[in-house]
Every structure is written in structure tokens, then in C-alpha cells.
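Colleague: I am new to this structure and would like to learn how to read its features one by one. Could we look at it together?

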Amino acid sequence: MRQLRLPGGGDLPVLGQGTWGMGERRSDRTTEIEALRRGLDLGVGLIDTAEMYGNGGAEEVVGEAIAGRRDEVFLVSKVFPHNASRRGAVEACERSLRRLNTDHIDLYLLHWRGGTPLAETLEAFEQLRADGRIGRFGVSNFDPDDMRELWEHELGRESVTDQVLYNLTRRGVEYDLLPWCGEHGLAVMAYSPIEQGRLLGDSVLKQVAQRHSATPAQVAIAWVLATEGVCAIPKAATAEHVEQNHAALEIRLSDEDLADLDARFPAPGRAVPLEIL
Ligand code: NDP
């Protein structure tokens, strides 16, 4: 699979698997684990989770799915802002590691900006990295002002990603955040690339999909992946969806496709506040 180069070295697969909504119902557990494992079989080696999802339940599902296959996975998890103090983040990470049943997380993110001073969170991240509990760290839902503030901290400049909402209907980040991350060499992780399913009925998207004998979800993912420096982490709780999302890697959108999509979902002409789900 194509990889994005991370600042300081290392690679991030361009396609991953999200897990928001997993680990909430016992009855869905087997299907969710099967879906994640199917992704691993296909080489989709990035899994995104968070202590928030299912109150830790999603991390447990991931832990079960990757048991015996840890080497195949680039594991991303996130700390709640209210746990992101100097001591709180270290303790939260230890709890996540227990649920994930592993000894390290590859990339650990501050889920969104909260009241804790950034310096404290960064110190905790640095300690976790020194102790080998995390490989790298980054942020999520940071707008360009937050990123500039992060960059005022020496440790902040070691962040490797900003994970943000990005899809055809949420293009605001193209105006300022994506260029900023590009200039500073950061990878952008696009969450909700198919707008949690709300995009799928769109007639223009359907039309473009037909040209490729593909589904609207696949085109929505291919469109995100066509942007330099961006990876997509769609969540799919069935093996069938995982297979379709993996196949989206093969779709090359033509100039005509891109023009039709631009006309239907215009690029931003000015700065807009960062959208968050
Ligand atoms: P997505 O845009 O990934 O949409 C998920 C929905 O799309 C699910 O209902 C899923 O159904 C459906 N779907 C997936 N694949 C297909 C397909 N091929 N055809 C039709 N439907 C499909 O939304 P998410 O909000 O889940 O975002 C993805 C991930 O990003 C999250 O799971 C999470 O890991 C991360 N995230 C991070 C946030 C942050 O603040 N940092 C915020 C939001 C998300 P089904 O489950 O039945 O397969």
C-alpha cells in the first residue's frame, strides 16, 4: 500500500480503518473483529481508535482483532482532553494499552483541544515516547491557529499529524490547514471520509461512481486519497465494506470526474472555521 512519509522518518499507510461506534454492543463484537481482521488480510495496516469510542470498548475490540498480528498494524489511539494533563495522559495511555492488549501505540493523539495547557500534554507525550509506550504523537481537530500555537513549543514541533474532518462536503481545510500541514511536512488524517454515510445518496457522486463501476463510498474515499499528504480512515463494520474500501485504492479519478465533483462540492473560497464531528 502507498505510504505517507512522516516527519522524522517512518511511514503511515494512506488507507486505514476507523473504529468509532465499535465496541458498543456485545452482539456486534464478532462482526467488528472479523471486519478489522479482513482489513489486515488485505494489508490495510492502519487502525484508528480512541479511549472515547465505546468508553474503551472499541480499543478492546481492536485488541482482540490484532491479537497475534501486532506487527501488521500501525496503531493510532487518542487521549481525551480532560485526561491530557502531565500525569493524566500517561495514566490514560496505560489504560489504553491494557485494553489494546499491546505494549505500545504507534501514534498517540490529543483528541481535541481542551483546557489543559499544551505544554503539559506534550511533556506527557514525550515521557510516553521515551518509555517506548508510544512511537510518535500528534493532534486532532486542531485548526490553523491551534497548530501555530502548538508550533511555539519545541516539543509541539515533533507532532507528526493533525487528524481532521475532511470529505467532499467538508472542504474548508483545503483553504488553510492542508497547506499549513504540507508546508510543515505533517501528514493529515482525514476522518469521516464518507461523511458517516450521509454522502452516499448524492446524485453526482453516484454518476461518477457509475463511470468506474464503483460505489459512491469508494469514490468518496478515492477523492480524499487523491489529495497529496492525506490518508483516509473510513470506518466499516462489515467485511464487505472493508473489501470495497480497500478496492477504492485502485480508483483513479479523471479530470472530468474531479471537475464534476468540484462543481457539486465547491472548494472553499475563503477561510472557514474548522468543522468537527
Ligand atoms: P465514515 O465517514 O468512515 O463513515 C462510516 C459509515 O459509513 C458507517 O456507517 C459504515 O457502515 C459506512 N460505510 C463504510 N464503508 C462503506 C461502504 N463501502 N459502503 C457503504 N457504507 C460504508 O465515518 P466515521 O465518523 O466513522 O469516521 C471514520 C473514522 O474516523 C472513525 O471511525 C474514527 O476512527 C475517526 N474519527 C475521528 C474523529 C476525531 O475527532 N478525531 C471524529 C470522527 C471520526 P458499516 O459500519 O455498517 O460498515
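Colleague: Which residues are exposed on the other side of α7?

Modeller: A residue counts as buried under 20% relative accessible area, as exposed over 50%, and as partly exposed in between, with a 1.4 Å probe and protein chains only. On that side of α7, Ser203 and Gln210 are exposed. Helices (H or I, at least four residues) and strands (E, at least two) are DSSP runs, numbered from the N terminus. Please keep in mind that this is a predicted model, in which local features need pLDDT of at least 70 and side-chain atom pairs count only at pLDDT 80 or more, while totals for chains, interfaces and linings use all residues. Residues are numbered from 1 along each chain as its sequence is written, and side-chain values use heavy atoms, with hydrogens and water left out.

Colleague: Which residues of helix α7 are buried, and what do they pack against?

Modeller: In α7, which spans residues 203-211, the buried ones are Val204, Leu205, Val208 and Ala209. They lie on the same side of the helix because they cover an arc of only 140° around the axis, the arc being that of the directions from the helix axis to the C-beta atoms. These buried residues pack against α8 (216-225) and α10 (255-264), where contact means heavy atoms within 4.5 Å.

Colleague: Where does Asp146 sit, and is Asp146 buried or exposed?

Modeller: Asp146 belongs to helix α5, residues 144-151, and counts as buried because its relative accessibility is 14%. Leaving aside residues up to four places away in sequence, Asp146 touches Arg113 and Asn141.

Colleague: How much space lies in the largest pocket, and which residues are the closest to its centre?

Modeller: Rolling a probe the size of a water molecule over the atoms shows where empty space is left. On a 1 Å grid over the protein atoms alone, a pocket is an open set of points where a 1.4 Å probe fits, with protein on both sides within 12 Å along at least five of seven lines, and lining residues have an atom within 4 Å of a point. Here the largest pocket holds about 600 Å³ of space, and of its 32 lining residues, Ser192, Pro193, Gln196, Pro234 and Lys235 are the closest to the centre. Helix α9 gives the most to this lining, with 3 residues.

Colleague: How much space lies in the second largest pocket?

Modeller: About 230 Å³ of space lies there, and the lining includes Arg2, Val14 and Leu258.

Terms used:
Points joined across faces, edges and corners; volume = space filled by probe spheres on them.
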